[in-house]
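Hi everyone, thanks for making time for this. I'd like to walk you through one model today, so let's get it up on the screen.

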Amino acid sequence: MNLILLLVLVIAAGAVLSVQAAINGRLGQSVGVLRSSLLTFAVGALVTALLVFFFEPAHAVSLLDVPKWQLTSALFGVVYMIVMVGAVPVVGTAVATVAVIVGQLGMGMLIDNFGWLGNPAIELSGSRILAMVLLALALVFMYRSNRSQVD
């Protein structure tokens, strides 16, 4: 797949996550954080099951054959969903999204730098650290902007 197309798709996926966070935040206020999360995962599981059934090619290894630590990734989506459904109505979609990206970038840089979880090592550079600092500053400015409008 073309690298530019792949990056465009990743950016679009990020945009969709912000829309999902905004909608789930409102839904969570109406029906509760856990019910909103349950709906998201139930529909997601159904759609994914259909995609697997109709489109997934056969693999030599099944989910039961992989190292068990790889299965823990499913739990992290639950944490993300519950936190976002609760946070968006309080801090807003943009601040919650940037906060998530700060966490993703920070952990992503650690995973890259040390080659954790079987990923290739990518050295931590000054430009990567600067990107992290600037993103953290963006979060501070966005949060302060929200607070000044409330006060």
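I'll go from the overall fold to a few individual residues.

A couple of ground rules before we start. This is a predicted model, where local features need pLDDT of at least 70 and side-chain atom pairs count only at pLDDT 80 or more, while totals for chains, interfaces and linings use all residues. Residues are numbered from 1 along each chain as its sequence is written, and side-chain values use heavy atoms, with hydrogens and water left out.

Let's begin with the fold. The protein chain has 5 helices and 0 strands, and along the sequence it reads α-α-α-α-α. Helices here are DSSP runs of H or I with at least four residues, strands are runs of E with at least two, and both are numbered from the N terminus. Along the principal axes, the C-alpha atoms fill a box of roughly 60 × 45 × 30 Å.

How much of the chain is buried? Of the 151 residues, 16% count as buried. For that word the cut-off is under 20% relative accessible area; exposed is over 50%, and partly exposed is in between, with a 1.4 Å probe and protein chains only. The accessible surface comes to about 10900 Å², and carbon and sulfur atoms own 75% of that. Those areas come from the Shrake-Rupley method with a 1.4 Å probe, and for residues only the protein chains shown count as cover.

On to contacts, meaning heavy atoms within 4.5 Å. Among contacts with a separation of 6 or more, 61% are between residues 24 or more positions apart.

Now for the annotation. The unreviewed UniProt entry places "transmembrane region" at residues 37-55, 75-105 and 125-143. Its positions are in the numbering used here, feature names are shortened, and annotations may be inferred rather than shown by experiment. What does the model show over residues 75-105? That span is 97% helix and 0% strand, and its end C-alpha atoms lie 19 Å apart. Residues 125-143 come out at 95% helix and 0% strand, with the end C-alpha atoms 27 Å apart.

Let's zoom in on N24, in helix α1, which covers residues 3-31. N24 counts as buried because its relative accessibility is 6%. Leaving out residues up to four places away in sequence, N24 touches S36, T40, M81 and V85. With T40 there is also a polar contact of 3.1 Å between the side chains. By polar contact I mean a pair of N or O atoms within 3.5 Å; within protein, one must be able to donate a hydrogen and the other to accept it, and residues adjacent in sequence count only if both atoms are side-chain atoms. T40 itself sits in helix α2 and is buried, with a relative accessible area of 18%.

Beyond four places in sequence, L27 touches G32, S36 and L39.

L39 takes us to the surface. Together with V43, L46, V47, L50, L51, F53, F54 and F55, L39 forms a nonpolar patch with about 980 Å² of accessible area. Patches are made of residues with over 30% relative accessible area and no salt bridge; like charges are joined within 9 Å, and nonpolar side chains (Val, Leu, Ile, Met, Phe, Trp, Tyr) within 5 Å. One of the patch members, F53, is in helix α2, residues 33-55, and counts as exposed at 65% relative accessibility.

So what about charges? Side chains of opposite charge can pair when their charged atoms come close. This structure holds 1 salt bridge, defined as a side-chain nitrogen of Lys or Arg within 4 Å of a carboxyl oxygen of Asp or Glu. Which residue does D112 pair with? The partner is R128, with the closest N and O atoms 3.0 Å apart. The pair links distant parts of the chain, 16 residues apart: D112 in helix α4 (residues 93-114) and R128 in helix α5 (residues 126-150). R128 is partly exposed, at 25% relative accessibility.

Helix α4 also contains V102, which is buried at 14% relative accessibility. Setting aside residues up to four places away, V102 touches M132, L135, A136 and L139. The C-alpha atoms of V102 and L139 are separated by 8.0 Å, though the two are 37 residues apart along the chain.

One last stop: L117, in the loop between α4 and α5. L117 is not a glycine, yet its phi is positive, near 60 degrees. At 55% relative accessibility, L117 counts as exposed.
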